[in-house]
Amino acid sequence: MKEALVTGGAGFVGSHLVESLLNKNVKVTVLDDFSNGSDKNLQQVKDKIRMEDFDISSTDWDKFSNIKPDIIFHLATHPRSFSIKDPFRNLTVNALGTLKVLEFAKKQKSKVIYTSNSGICGDPKFLPVTEDHPDDCKTPYDANKLVGENYAKIYHEIHGIYTITFRLATVYGERQRSNQKLGWRPLIPQLVDDIENGREPIINWDGEQTRDLIHVDDIVRALILGAESDNFGGQMFLLSTNTETSVNRAFEIVSKISGKNVKPKYVEKLPGDLRRMVLSYEKAKKAFGFIPKVSVEEGVRRYVEWYRKNK
């Protein structure tokens, strides 16, 4: 890689990816509309990158014709939690926006690494979930991300663009924050924010629903491994830890690390919520040598330390 374009590069995953690419001496352009990302995430590297305030569903992609990226990391997305309230915007960003990215990649002859959502699998028919699991979309977000996956595969098969789709487990890590405006309340950041501020954490359902929690550092390593490969065009891979963590257990870990004694409040189940989720990363391990390294306890400790320094 010599030059990369990162959509959603001001988001928490995107910003970590941008830093890793710069450490590899890759020239980086970031496209972000800052609806969920923040230029603060890139404050330390802003002088080393080109950053554009841009909606990927826009028709004005021609203004980037002078950018010739070897690789496009397509991370920009409209959140799952907001997709029921605003399915049209979700469709525009996650389906049409992905099509625009792929059209740009076709013109520029770029590889595309597309980040998708393991929630596409719905309630698991078997555990751990593998790439062979049937799709069972529960929200407009899931449906639109699946459309994006199919576009990526089609553009590989018809136009010869090297595309890889990574379906992500529940990603968390430093710089991730809740966004009340977008209805975006990631599990670990929301728990930490509530507990650190002495608020009563809200747990939907009974808290025994599970997630496969993966730290952002592990995701970034996998995305770069995928970008450096030439052997798996058109394929989809799960990125996960193959470890099941309940919401109640996540609450216990955050409480212990924070040293706070706060009781949660249990409320009704969220629409489209899944009972259990744990995914196998075996295919990514065989293809790229990917193995997650950060445990939930270590990842939460890092997050709490970051949160306290960045209130």
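Visitor: Does Thr139 count as buried or exposed, and at what relative accessibility?

Guide: First, a caution: this is a predicted model. Thr139 counts as buried because its relative accessibility is 7%, and buried means under 20%.

Visitor: Where is Thr139 placed?

Guide: Thr139 sits in the loop between strand E5 (111-117) and helix H3 (140-159). Setting aside neighbours within four places in sequence, Thr139 is in contact with Arg80, Ser83, Ile84 and Gly272.

Visitor: Which side chain makes a polar contact with that of Thr139?

Guide: The side chain of Asp142 does, in a polar contact of 3.1 Å.

Visitor: Let us turn to helices. What span should helix H1 have?

Guide: Helix H1 covers residues 12-23, which is twelve residues. At 1.5 Å a residue these should span 16 Å, and the end C-alpha atoms are 17 Å apart, so the two values agree.

Visitor: How many residues of H1 are buried?

Guide: Ten of the twelve are buried, so H1 is mostly covered. The buried residues are Phe12, Val13, Gly14, Ser15, His16, Leu17, Val18, Glu19, Leu21 and Leu22.

Visitor: How do I read such a list along a helix?

Guide: An α-helix has 3.6 residues a turn, so residues three or four places apart point the same way. In H1, the buried list includes Leu17 and Leu21.

Visitor: What covers the buried residues of H1?

Guide: The cover includes strand E1 (3-7), strand E2 (27-32), strand E4 (71-74), strand E7 (170-172) and helix H5 (216-227).

Visitor: Where is Arg175, and is Arg175 buried or exposed?

Guide: Arg175 is found in the loop between E7 and helix H4 (187-196). Arg175 counts as buried because its relative accessibility is 17%.

Visitor: Which residues does Ala222 touch?

Guide: Ala222 lies in H5 and counts as buried, at 2% relative accessibility. Leaving out residues up to four places away in sequence, Ala222 touches Phe166, Leu239 and Phe290.

Visitor: How do I read backbone angles?

Guide: Most residues other than glycine have a negative phi, and most peptide bonds are trans. In this structure, Asn25 has a positive phi of about 65° although it is not a glycine. Asn25 is in the loop between H1 and E2, and counts as exposed because its relative accessibility is 71%.

Visitor: What is the phi of Phe34?

Guide: Phi of Phe34 is near 60°, a positive value in a residue other than glycine. Phe34 is found in the loop between E2 and strand E3 (50-53). At 26% relative accessibility, Phe34 counts as partly exposed.

Visitor: Which peptide bond is cis?

Guide: The bond from Leu127 to Pro128 is cis, with omega near -5°. Pro128 is in the loop between E5 and H3.

Visitor: How is a pocket found, and what volume does the second largest pocket have?

Guide: Rolling a probe the size of a water molecule over the atoms shows where empty space is left. The second largest pocket has a volume of about 170 Å³. Of the 13 residues lining this pocket, the closest to its centre are Glu149, Asn150, Lys153, Gly234 and Met236. H3, strand E6 (163-168) and strand E11 (235-239) each give two or more residues to the lining.

Visitor: Which element gives the largest share of that lining?

Guide: H3 does, with five residues. By class, the lining of the second largest pocket has four nonpolar, five polar and four charged residues.

Methods: Residues are numbered from 1 along each chain as its sequence is written. This is a predicted model: local features need pLDDT of at least 70, side-chain atom pairs count only at pLDDT 80 or more; totals for chains, interfaces and linings use all residues. Side-chain values use heavy atoms; hydrogens and water are left out. Helices (H or I, at least four residues) and strands (E, at least two) are DSSP runs, numbered from the N terminus. The expected span of a helix is 1.5 Å times one less than its number of residues. Buried means under 20% relative accessible area, exposed over 50%, partly exposed in between (1.4 Å probe, protein chains only). Contact means heavy atoms within 4.5 Å. A polar contact is a pair of N or O atoms within 3.5 Å; within protein, one must be able to donate a hydrogen and the other to accept it, and residues adjacent in sequence count only if both atoms are side-chain atoms. On a 1 Å grid over the protein atoms alone, a cavity is a set of points where a 1.4 Å probe fits but cannot get out, and a pocket is an open set with protein on both sides within 12 Å along at least five of seven lines; lining residues have an atom within 4 Å of a point. Grid points are joined across faces, edges and corners, and a volume is the space filled by probe spheres set on the points. Ala, Val, Leu, Ile, Met, Phe, Trp, Tyr, Cys and Pro count as nonpolar, Asp, Glu, Lys and Arg as charged, and the others, Gly among them, as polar.
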